[in-house]
Amino acid sequence: MSETKYHIPLSSPDITEREIEAVVEVMKSGTLSLGPKLPEFEKAIADYAGIKHAVAVNSGTSGLHLCVRALGLKPGDEVITTSFSFIASANCVIFEGAKPVFIDIDPVDMNFNIDQIEGAITEKTKAIVAVHAFGMPVDMVKVMEVARKHNLAVIEDACEAIGAMIKDGNEWKMAGTFGDCALYAFYPNKQITTGEGGIIITDDDEIARLCVSMRNQGRDAGMGWLAHARLGYNYRLSDMSCALGTVQVSRLGEILPKRAEVAARYTKLFKEELPEVVLPCPDPENLKRSWFVYVIQLPKQYTGDQRNALITHLRGLGIGCNQYFSPIHLQPFYQREYGWKRGDLPVTEYMGDHSMSIPFFNKLSLEDQKIVVSEIKKWLKENPA
Ligand SMILES: *Cc1c(COP(=O)(O)O)cnc(C)c1O
């Protein structure tokens, strides 16, 4: 490891002795996959979200793929989504030969601009992938209105948003419970982790049944190990991961408020020390963010190259940070295959050039947060736009 001035990672999972014991117990049991920990984890998530089915899989990406297949999307279909996301939320559509169609984002909450959905609908449009970016939920009440009007299926990519809430009338509901199906993901940088992993949640019996089958090589309930009813995959999640996940879910009530506290400390520090930096938006009255990352925007006179220079500088000091997100439509193969180019989605591109994630996890200390803010402040002073 190279010697750096600081050691402040971008993210860090919160693992206690309870998680360690739960995983060790599975290893001692001898049943490492398709054992009792799988239904236990799925029930814990379904109960938490207040939904009928949860189907655990080995990544958020594989879960999104199964949702796309379960909904029957196929070549020629178009799916409306955001370019300001992790690549998997658009790739999952391409896996089945369908085409992602990007609309621009809202400059305040960074989620796709719901008012642009209708303008992007063609006779080929079959679905919407709504991404709750950075844990800030999309107003799904509005999205579902548009989707119902045009008979579109809806997948919620809630991979960054476990615990985020959306007000529906007078009732608060979990992000992920509005569409036909949704995904939570558990890579180690997420709010809670299973190492690698994801989970499909749905109230739809048929979607759940298909996903259970497809994650396990297309086997159907009651069929033998070498009998396959349909095309399937090995997207299974091990019992070690499920045991880890079950303990993590039980700790969400402790983990999410801690993350919100760390975010509030950053917000206070930036407001005092660096008011020119744009901070994550506060929650509107009908949405509650689940803090996933802390993303700041440099003042608008700065360029993308300067933002990249700041990232390089901070990393050199041992402060984890990243461009977040790098717009999907500008990824080389999207430009090549679909003809997207710079200029197509101005707000997305602006954020792609100005935004960056900084160290954020629930055990991040105030001292380290002060270091992060003061090093950014120092760099901005020394590098005027
Ligand atoms: C993390 C994440 C996923 C899933 O990622 P995996 O690494 O496959 O678990 C999907 N969409 C978004 C927006 C994500 O942040």
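Trainee: Which residues lie nearest the centre of the largest pocket?
Mentor: This is a predicted model, where local features need pLDDT of at least 70, side-chain atom pairs count only at pLDDT 80 or more, and totals for chains, interfaces and linings use all residues. Residues are numbered from 1 along each chain as its sequence is written, and side-chain values use heavy atoms, with hydrogens and water left out. A pocket is an open set of points on a 1 Å grid over the protein atoms alone, where a 1.4 Å probe fits with protein on both sides within 12 Å along at least five of seven lines, and lining residues have an atom within 4 Å of a point. Of the 36 lining residues, those nearest the centre are Phe86, Glu160, Asn189, Lys190 and Tyr324.

Trainee: Which element gives the most residues to the lining of the largest pocket?
Mentor: Helices (H or I, at least four residues) and strands (E, at least two) are DSSP runs numbered from the N terminus. Helix H4 (88-94), strand S12 (322-323), strand S13 and helix H3 (60-70) each give two or more residues to the lining of the largest pocket. With three residues, the top contributor is H3.

Trainee: How much space lies in the largest pocket?
Mentor: A volume here is the space filled by probe spheres set on the grid points, which are joined across faces, edges and corners. For the largest pocket that space is about 570 Å³.

Trainee: Which residues are closest to the centre of the second largest pocket?
Mentor: The second largest pocket holds about 220 Å³ of space. Its lining has 14 residues, and the closest to the centre are Asp106, Asp109, Ile114, Asp139 and Lys142.

Trainee: Which residue in S9 is the bridge partner of Val55?
Mentor: Two strands pair if DSSP finds at least two bridges between them. S1 and S9 run antiparallel and are joined by five bridges. One facing couple is Ala54 and Ile201. For Val55, the partner is Ile200.

Trainee: Why is S9 said to be largely enclosed by the rest of the structure?
Mentor: Buried means under 20% relative accessible area, exposed over 50%, and partly exposed in between, with a 1.4 Å probe and protein chains only. Gly198, Ile200 and Thr202 point one way from S9, while Ile199 and Ile201 point the other way. S9 is largely enclosed because the number of its five residues that are buried is five.

Trainee: How many of the five residues of S1 are buried?
Mentor: S1 is also described as largely enclosed by the rest of the structure. The count behind this is four.

Trainee: Which residue stands opposite Tyr184 in S9?
Mentor: S9 also pairs with S8, in the antiparallel sense and over four bridges. In this pairing, the residue opposite Tyr184 is Ile199.

Trainee: Which elements do the buried residues of H7 pack against?
Mentor: H7 spans residues 205-215, and its buried residues are Ile207, Ala208, Leu210, Cys211, Ser213, Met214 and Arg215. Contact means heavy atoms within 4.5 Å. The elements packed against are helix H2 (37-49), strand S1 (53-57), H3, strand S8 (181-185) and strand S9 (198-202).

Trainee: Which residue in S13 stands opposite Gln297?
Mentor: S11 (residues 294-297) has Tyr294 and Ile296 pointing one way and Val295 and Gln297 the other, all buried. S11 pairs with S13 (residues 355-358) in the antiparallel sense over four bridges. Opposite Gln297 is Ser355.

Trainee: Is Ser62 buried or exposed?
Mentor: Ser62 is found in helix H3. Beyond its neighbours within four places in sequence, Ser62 is in contact with Val57 and Tyr235. Its relative accessibility is 5%, so Ser62 counts as buried.

Trainee: Which residues is Ala98 in contact with, leaving aside its neighbours within four places in sequence?
Mentor: Ala98 lies in the loop between H4 and strand S3 (99-103). At 2% relative accessibility, Ala98 counts as buried. Its contacts are Lys74, Pro75, Asp77, Val93 and Tyr338.
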